[in-house]
Amino acid sequence: MAFGVQRGGMQRCRPQFLTARFDGPVAFSNSGWQWWLGEGQAHRPAQTIDHHFHAGAGSGVTLLREKAARSRRLYSLAPPSLPATPRHFVKQMAVSPRKRLGALLGCSNALLGFSHGTAELAHNLALHERTVHGVRTLAFGERFRHGLPVQQVLLQEYLLGWQPFNVVWQAHEHEATRRHALLSKLIAMLASLRDTGITHLDLHPGNVMVSPDPLAPLRAIDCGQMSMADDPAISAAMHLGVFLHELNGKRLLPSPQLEEGARTLLYRLVGGEAEFAGAERLVSLLVRYSSKKPFSRRRLLQRRRERLDTSIIETRLQALSHSRSLPAQVAHASSIGSRQELRLIASIEDVVTMAP
């Protein structure tokens, strides 16, 4: 039984996507956590993790890892009293003072912050409801101070047996058929994101999960950084370029064949779009250089309304890449990466040749 239900002012200022899809807020204890429950099956796991937060320990709760100086914690939840129930994934995150008002109101912008739990919840819901590549969110938890959320939690389905794309890709290094299937699934996912106007700003091989079921589509995770209704050509170029750069071992100076393969895949995705010429130049740059922070992929998307000056973008990416890489590391990457790159090129050519 719930400890109590608090509605009124706090619920009125919550975003509509939360109040329309989740019941609450519910308090299971005097821990200070409030919970929004999306499905009947979410009650017990939300209560279990609430007890863990309140008591400092709890059976069936396993800390998977901590990130960013303990500001984020990831848990696996498997109550031993309910052995037949599925496991759950719990993501707990602290909300910085600048982002607390945005987290309360469901606003995601430069002033109030783009990445907080409320924004990630909205992105998860959009990805799950519009595509087959999202992960279900079952409950959403918050702890308040002075009327603003200071910590938030996403309780999601647990992808039991799933592995990151890069792990599966490397494990099948010499299996052309398996790699063809993986790359074909990636293109299908990028086409789905294109059709729904979703840009995942951190879509790399570690954030795409592969099911043990060979027929299951890929799933995208870590959706804190997303953008909606972007130009499909620029968005697809960003997704594809970043992904291939990572699969190529973040190698500087990739071969012209890899860049040509990336442009061919991009053409299959968005060849008829108005911005394709700029996107074609962009995908080559993103295959060639790392575009991680302090480079802003979000600002790059916003430039689509203006003239896309790829020479300025290349200068910026080149400077950042050289500042990140020591000469010895570059030489080492070059010596071990050539075979990796040749296999990646072969997989792309295989997909291009066999695609309808």
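The structure is a predicted model. Helices α10 and α12 pack with their axes 10 Å apart. The largest pocket holds about 960 Å³ of space, and the second largest pocket holds about 520 Å³.

**Helix packing**

- Two packed helices are described by the angle between their axes and the distance between the axes.
- Helix α10 spans residues 276-288 and helix α12 spans residues 310-324, and they pack at an angle of about 5°.
- Angles under 35 degrees count as roughly parallel, and α10 and α12 are therefore roughly parallel to each other.
- On the α10 side, Gly 278, Arg 281, Leu 282, Leu 285, Leu 286 and Arg 288 make the contact, meeting Thr 310, Ile 313, Glu 314 and Leu 317 of α12.
- This contact comprises five nonpolar, two polar and three charged residues.

**Largest pocket**

- The volume of the largest pocket is about 960 Å³.
- It is lined by 31 residues, of which Ser 115, Leu 201, Asp 202, Gln 225 and Lys 293 are the closest to its centre.
- Helix α11 (residues 297-302) supplies the largest share of this lining, with four residues.
- The lining consists of seven nonpolar, 10 polar and 14 charged residues.

**Second largest pocket**

- The second largest pocket has a volume of about 520 Å³.
- Its lining has 24 residues, and the closest to its centre are Arg 65, Phe 89, Leu 159, Met 209 and Ile 221.
- Two or more lining residues come from each of β4 (61-67), β6 (88-94), α5 (117-130) and β8 (148-157).
- Strand β4 gives the most, with three residues.
- By class, the lining of the second largest pocket has 12 nonpolar, six polar and six charged residues.

Notes: Residues numbered from 1 in each chain as written. Predicted model: local features only at pLDDT ≥ 70, side-chain atom pairs only at ≥ 80, totals over all residues. Heavy atoms only, no water. Axes fitted to C-alpha atoms, helices over the stretch in contact; angles between N-to-C directions. Parallel < 35°, antiparallel > 145°, perpendicular 65-115°, else oblique. Contact = heavy atoms within 4.5 Å. Nonpolar A, V, L, I, M, F, W, Y, C, P; charged D, E, K, R; others polar. 1 Å grid on protein atoms, 1.4 Å probe; cavity = no way out; pocket = protein on both sides within 12 Å on 5 of 7 lines; lining within 4 Å. Points joined across faces, edges and corners; volume = space filled by probe spheres on them.
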